[in-house]
Amino acid sequence: MEHNKKIKVLFRHRSMEIGGVEKVVLSMLNNLNKDKFELTICLSLNQGELRNEFPDNIRKVYIAEGKEDFSKNPIIQKIQLARRKFRLNKIDKNPRLTDGILKDQYDVEIATTYGIYKAVLNSTNKESKKIAWLHSDLSLEGFAPYREEIFKNMQQFDYIIYGSQQCKDILTEKFPDLKLPPGEVVLNAIPIKELKAKAKAFIPEFEELPTFVSVGRLHYRKGYRTLLETHKKLIDDGFDHRIVVIGDGEDYELLSKRIEELNVKNSFKLLGTQMNPYPYVSNADFYIMPSESEGWPLIIAETLILQKPILATNVGGIPEMITHKESGYLTDYSQEGLYNGIREFLTNKELVQHIQDNLKDIEKCFDNEKIFKSVENIIENLYQSKIKNQ
């Protein structure tokens, strides 16, 4: 009978605001073999636009309420937030409380990002095998204050899945003495059919001017501040174009204010979060990604499949995805780099056509089956070693 037992797998994740990692989590829960695995997702916060998008056969539990379920009254909301914070801290200090929510024992527990490593390591279930997923380039300046702790956490996992070759290689290169558990690179899967259908859902209103679209969180590491300054310079130099940014985040206010100051309200637009950004990507002339740092950005793969020429900074896993002047255009992360790239796309018709032609068969490069198979093998191998040790 033992052979037919499903492997119980727990995914732990913070919350479901729209983002690359959230899509990876959803694609795993949608595609891992249901005959082999019994899957549970545990969110720290039941919040975000994608919080109800899990497939029906997946068990979903959460530790605390999402903001969506809070009162509209600002005073009551403050109390609810304080209570939630208290609850999360309490659970942090006493992981047994999570057991009361999970009401189950798992064979394998998976931490989807470094922010949730601690929660998985604190699991009271000492028998389970634990997997850490890493999507970030930990050598970046921004990680300096937390790096030691992230490394210390990573060392306690049984296995590490890296979201790009670069985020694995950079650790060996920059931290050669760091001893880490075994691991491998598994790229993110793209639901191609679904993506193409979504891209046809509607046609956004764009002006008759060259339009760049970008989808991302408005976080300083995503480079939108730099992009905005570059845009203003290009407009002043007579290169007329439009930039449309989809996404929300802590930089929203700052960027809105700067757009007013630079007087580019008509040419640089912030559309906020859109449940379906793909029609914008599909109907724009170009895609632009001005990030200072990235892992293996799903949106780049999705945009390649939608056959849009991409201008992106040469960071993280992006050069694994785009060949300069063949399947896209890579630039330095700087005003000058972005300026030259945008100008090139606006003036060099032959280059754009060349890139466009090269995107016709790009889909063949994305093998989802292989990706899900890799993750299934990792889980099964860890499970087998757990059984052996019992």
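## Exercises: a cavity and a sheet

A search of the whole of this predicted model turns up 1 cavity of 30 Å³ or more. Let's work through it, then move on to the sheet.

**Exercise 1.** Find out which residues line the largest cavity and how they divide into nonpolar, polar and charged.

*Solution.* 
- Start with the volume: the largest cavity has about 70 Å³.
- Next, collect the lining. Leu-10, Asp-99, Leu-102, Asp-104, Gln-105, Tyr-106, Glu-109, Ser-123, Thr-124 and Asn-125 line this cavity.
- Now sort them: you get 3 nonpolar, 4 polar and 3 charged residues. Tyr counts as nonpolar here.

**Exercise 2.** Work out the strand order of the open sheet and explain why one side of strand 3 and of strand 7 is left without a neighbour.

*Solution.* 
- Write down the order of the 7 strands: 3-2-1-4-5-6-7, with parallel pairing.
- Look at the edges, where strand 3 (59-65) and strand 7 (183-185) stand. Each has a single partner strand, so one side of each has no neighbour in the sheet.

**Exercise 3.** Describe how strand 5 and strand 6 pair, then find which strands helix 6 touches.

*Solution.* 
- Strand 5 (residues 129-134) pairs with strand 6 (residues 159-162) in the parallel sense, over 4 bridges.
- Zoom in on Leu-134: it stands opposite Tyr-162 in strand 6.
- Then bring in helix 6 (residues 165-174), which packs on the sheet and touches strand 5, strand 6 and strand 7. The direction of helix 6 makes about 135 degrees with that of strand 7.

Notes. Residues numbered from 1 in each chain as written. Predicted model: local features only at pLDDT ≥ 70, side-chain atom pairs only at ≥ 80, totals over all residues. Heavy atoms only, no water. 1 Å grid on protein atoms, 1.4 Å probe; cavity = no way out; pocket = protein on both sides within 12 Å on 5 of 7 lines; lining within 4 Å. Points joined across faces, edges and corners; volume = space filled by probe spheres on them. Pairing = 2+ DSSP bridges. Helix = DSSP H or I, 4+ residues; strand = E, 2+ residues; numbered from the N terminus. Contact = heavy atoms within 4.5 Å. Axes fitted to C-alpha atoms, helices over the stretch in contact; angles between N-to-C directions.
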